Each structure stands twice: as C-alpha cells, then as structure tokens.
Amino acid sequence: MIDFIKSLNIPLNISELLNNTYLEFNALVSEKTGEINENRYIAEHKNLKFEIITNKYVNISGSIHKYHNSGKHNYNDFNLYDLFLTIRELNERFKINPFLTPLNNVEFAVNIKTPFNPKTYIRQNIISHKGTPASVKTFKGNGYLKEFEHSQYYIKIYDKGLQFNRPDNIFRFEIKVMKMEYLQTIGINTLADLLNIEKLQNLGKNLDKVFSELLIIDKIDTKILTAKEKEIYQNGTNPMFWERLKPNSKDYENGNETPRYKKDRKKYYYELNRFKSLIKKYNLNQSQKEISKLIVNKWNNLLKIGTKKRYKLTAFLNEISNQKTEHKTVQNDHDFNSLENAKTVQNDTSNIVLICTNNKRVCKITNLDISMQKKGSKFLCISGIEFYQIYFPEIYRKLEKRLSEKWENASLGKRNIEIAHSIRNEYFNIINNTKRSINKILSIPSLFNNLNLIDNQKLKVAGMI
C-alpha cells in the first residue's frame with residue numbers, strides 16, 4: 001500500500017537520536033578526497049536511512065514496507081494495520097511524531113496476483129500514458145520495469161515476483177510522488193495523514209484512475225482487420241507514434257494559445273479516439289478492466305481493519321496529536337486494551353452504536369463514544385463528528401441520515417454543524433415535550449394530586465424531581 005517515503009527537516013532531539021541504541025551514525029566520507037564531512041551523519045536501520053545535517057536537520061527516507069519486514073522485502077501485502085504498527089514503532093523507537101513529520105516524497109502501490117506472466121504483459125501490452133512512452137529498466141538480470149515519468153509523479157509497473165525470485169505472478173503497479181502538490185486535493189501532507197482512512201480511500205481511487213489512463217491493448221490477429229484498421233493498430237501500438245504526435249506547448253512560440261498548437265493537439269486526440277474506437281470494437285481492453293478490478297479490490301482489502309485494531313490506531317493518533325515538540329514517549333495501546341469487550345448494538349436513533357465496556361463517556365442521544373471530546377461533553381459535537389468521519393466512515397454515514405435534503409449540497413463543515421445541532425435539538429426536544437406533556441396533565445382540574453399519576457422517569461427527564 002504505502003512504500004517509500006522521504007521526510008525532510010523532522011523536528012527531533014538530535015543529541016537523543018545520536019545516542020539511540022538502534023542507530024549507529026557515521027560521518028560521510030568523500031570517495032574522491034577521503035575527507036570526512038562533519039556536517040553530515042548517516043545511519044541505516046531496517047531499510048530506513050536517517051540523515052543528520054549540520055547538527056540541525058534530520059531527514060528520513062526509505063521503504064516503510066520493507067522496514068515492517070525487517071528491511072528484507074516488499075513483495076507481500078502491507079495493510080493499514082501493518083502501516084499503523086510501523087508508524088507507532090517509529091514513534092516509540094525514535095520519538096517521531098507523525099503529525100510533525102512532513103512528507104516530501106511518497107510511493108503508494110499494490111501487488112496483485114495475475115493468471116498471466118506480468119513481465120510479458122508489461123512488455124507487450126502496455127503502450128503509453130497520456131502520450132508519454134515508458135523508459136525500460138532491468139534489474140537483477142531478468143527483471144523488467146516500465147516507468148512513465150511526469151513532472152510531479154512517476155508510474156512504475158513491473159514483475160515484483162521476478163524481482164525477488166518468487167514463484168507467483170506478482171504484478172506491481174506503483175505511483176511515486178515527486179512533488180506533493182500532486183496529492184494536494186487528497187490532503188496528504190504528513191505521516192499522520194497516511195493513517196487517515198478517508199484519505200487512503202482517495203489515494204486508492206487515484207491509483208485506479210491513473211491505471212485507467214494507461215494505453216493498454218490486448219493482442220489480436222491482424223488478419224481480421226481491414227487495411228485502414230491495420231494502419232490504426234500498427235500506429236497505436238507504437239509508443240513513439242504517440243510521443244511524436246502529442247504536441248508540447250513549450251515548443252510553440254505562444255504556448256497553448258498558438259493556433260498551430262491547437263491544430264496539432266486536435267490531430268493528436270483525433271488519432272487517439274480512432275485507436276480507442278478500434279479497441280472498443282474488438283474488445284481489446286478486457287485485461288485492463290480485469291486488472292483495474294483487482295487493483296480496487298486489493299486496495300479496499302488492505303484498508304479493512306477490525307474494531308479493536310481501529311481503536312488502537314485512533315487512540316495512538318489522539319495521544320500523539322496532543323504531544324508538543326518535546327515528543328514524549330507514547331504508551332502502546334493507551335487505555336483501550338480492554339476493547340476485547342467492545343461491541344456493536346442497535347439503537348433507534350443512530351442505528352449503530354459503539355459501546356466500550358471500560359467506562360467510556362457516551363453521547364446522551366446517539367450512545368456513541370465521545371471520549372475524544374473535551375471532558376464534560378454530554379453530546380456528540382463537531383470534533384467528535386469529524387473524528388467518526390475520518391476514522392469510522394460507516395458510522396458517519398449513519399449520522400448523515402439526520403440531515404434533510406436542504407443540506408445535501410452544503411459544505412462538509414456546514415453539514416457537520418447541522419448534525420451536531422440535530423443531536424442537541426433532539427435532547428432538548430425530549431425535555432421540552434415531556435414538560436409540556438406533564439404540564440398538560442397538571443392543568444386538568446382534579447380532586448387529587450395529578451403529580452402522583454406521572455411516571456418518575458418522565459419527571460426526571462423534565463427535571464422536576
């Protein structure tokens with residue numbers, strides 16, 4: 001799921017890091033002069049490189065997937081809970097606060113098992129991406145990788161099984177983000193964002209979107225094609241044809257406002273549409289559709305996490321988010337260790353309620369846990385609603401049912417405000433309605449004290465006893 005990361009200028013106590021028992025720092029030595037660079041120290045631990053520069057800055061880079069596997073490999077599945085355990089360990093061992101750890105580069109990917117040979121498929125079927133041909137790389141003698149380079153990100157596709165001499169057909173599809181602006185709409189900026197389920201879901205959608213943009217074609221016996229179709233097929237399966245045909249605005253005097261640029265771009269899309277029509281006519285994109293489904297299913301499965309594990313994750317984030325730059329060490333499981341007894345029950349108001357049997361505070365209306373809110377809270381408020389939106393989207397969708405159609409197109413912030421209002425209003429409506437009901441009974445003339453006829457529970461709700 002998440003693989004390589006690079007983070008610059010992490011706020012850490014450098015003297016503590018230099019004395020960390022897991023790290024052995026060495027000064028960088030110039031291969032040419034043999035001089036020692038006393039301004040740069042490097043240590044490696046389970047595939048992660050720690051770099052201290054001028055005794056002020058700490059940079060970290062490497063595969064956190066491999067780190068989870070003791071630095072050995074990344075051909076297996078690496079799910080959300082594995083990612084959480086890895087980030088928690090980084091916090092415990094090196095006092096890395098994920099909320100204060102910026103991401104400068106990040107790789108996200110899936111490994112899927114295919115019924116076909118990935119190397120052959122990648123070499124023969126994958127043509128280009130948005131007119132950009134692939135650069136081909138080999139590794140370990142027999143490995144084969146296609147890489148599509150763009151200004152903000154790279155696409156890497158290769159046979160992961162072949163890379164590690166595995167017997168399985170492991171098709172690896174990966175996006176390496178070089179400029180974090182690429183993920184701006186998703187909102188991934190820090191290491192903590194990689195534990196946000198909603199953001200990870202959007203990251204998976206991006207992965208599938210990019211794969212669908214690839215120009216991929218299944219092989220066909222050209223004898224069944226007409227002469228014109230053969231020409232379209234031969235041109236379309238040639239990556240260099242698309243590279244030559246697609247115009248670059250930088251090559252034109254007035255950029256994309258140049259009439260010739262517009263004409264050439266129109267020609268590019270004309271040829272692209274002709275080729276796609278040929279693919280559609282003969283159903284030559286079936287493999288791409290099947291792989292797309294595998295990518296989506298694998299990503300969604302990697303995000304699945306049980307209630308107890310999810311509470312451990314959110315407890316960790318709640319604890320760390322309250323830390324300041326002194327980076328106090330975090331207890332592993334906070335106070336959620338007794339969640340073996342956590343259970344899901346039904347309720348007329350919210351339809352889904354999480355009740356922790358370890359004396360957690362709950363909302364008076366929804367019965368949802370509100371321990372993440374400030375002390376003294378009686379109802380689920382905006383901060384709690386945002387908590388469920390991020391970490392328990394299935395519960396948040398239940399809360400959204402409180403909204404009328406009036407708020408359908410409102411901003412997310414406004415919708416959350418209205419959900420909070422509906423919860424408070426429901427509570428006070430119960431009190432006010434009960435009071436009105438009691439006062440109506442008391443207003444009836446009677447020889448006896450009507451108050452004795454009213455249930456004590458109702459009197460309590462109305463605050464009358």
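R274 and E271 sit 3 residues apart in helix 9, a separation of about one helical turn. Helices here are DSSP runs of H or I with at least four residues, strands are runs of E with at least two, and both are numbered from the N terminus. Between R274 and E271 there is a salt bridge, with the closest N and O atoms 3.1 Å apart. The term means a side-chain nitrogen of Lys or Arg within 4 Å of a carboxyl oxygen of Asp or Glu. Both R274 and E271 are buried, where buried stands for under 20% relative accessible area, exposed for over 50%, and partly exposed for anything in between (1.4 Å probe, protein chains only).

Before we go on, a word about the model. It is predicted, so local features need pLDDT of at least 70 and side-chain atom pairs count only at pLDDT 80 or more, while totals for chains, interfaces and linings use all residues. Residues are numbered from 1 along each chain as its sequence is written, and side-chain values use heavy atoms, with hydrogens and water left out.

How many salt bridges does the structure hold? There are 25. Side chains of opposite charge can pair when their charged atoms come close.

| Pair | N to O distance |
|---|---|
| R274 and E271 | 3.1 Å |
| E213 and K209 | 2.7 Å |
| R260 and D264 | 3.8 Å |

E213 and K209 are 4 residues apart in helix 6 (residues 197-213), so about one helical turn separates them. E213 is partly exposed at 23% relative accessible area, and K209 is partly exposed as well, at 46%.

R260 and D264 also lie 4 residues apart, about one turn, in helix 9 (residues 259-281). What is the relative accessible area of R260? It is 60%, which counts as exposed; D264, at 21%, is partly exposed.

Three of them form an open sheet in the order 8-7-13, with antiparallel pairing. Strand 8 (132-133) and strand 13 (214-216) are at the edges with a single partner strand each, so one side of each has no neighbour in the sheet. Two strands count as paired if DSSP finds at least two bridges between them. Strand 7 (residues 126-129) and strand 8 pair in the antiparallel sense over 2 bridges. Which residue of strand 8 stands opposite H129? That place belongs to T132.
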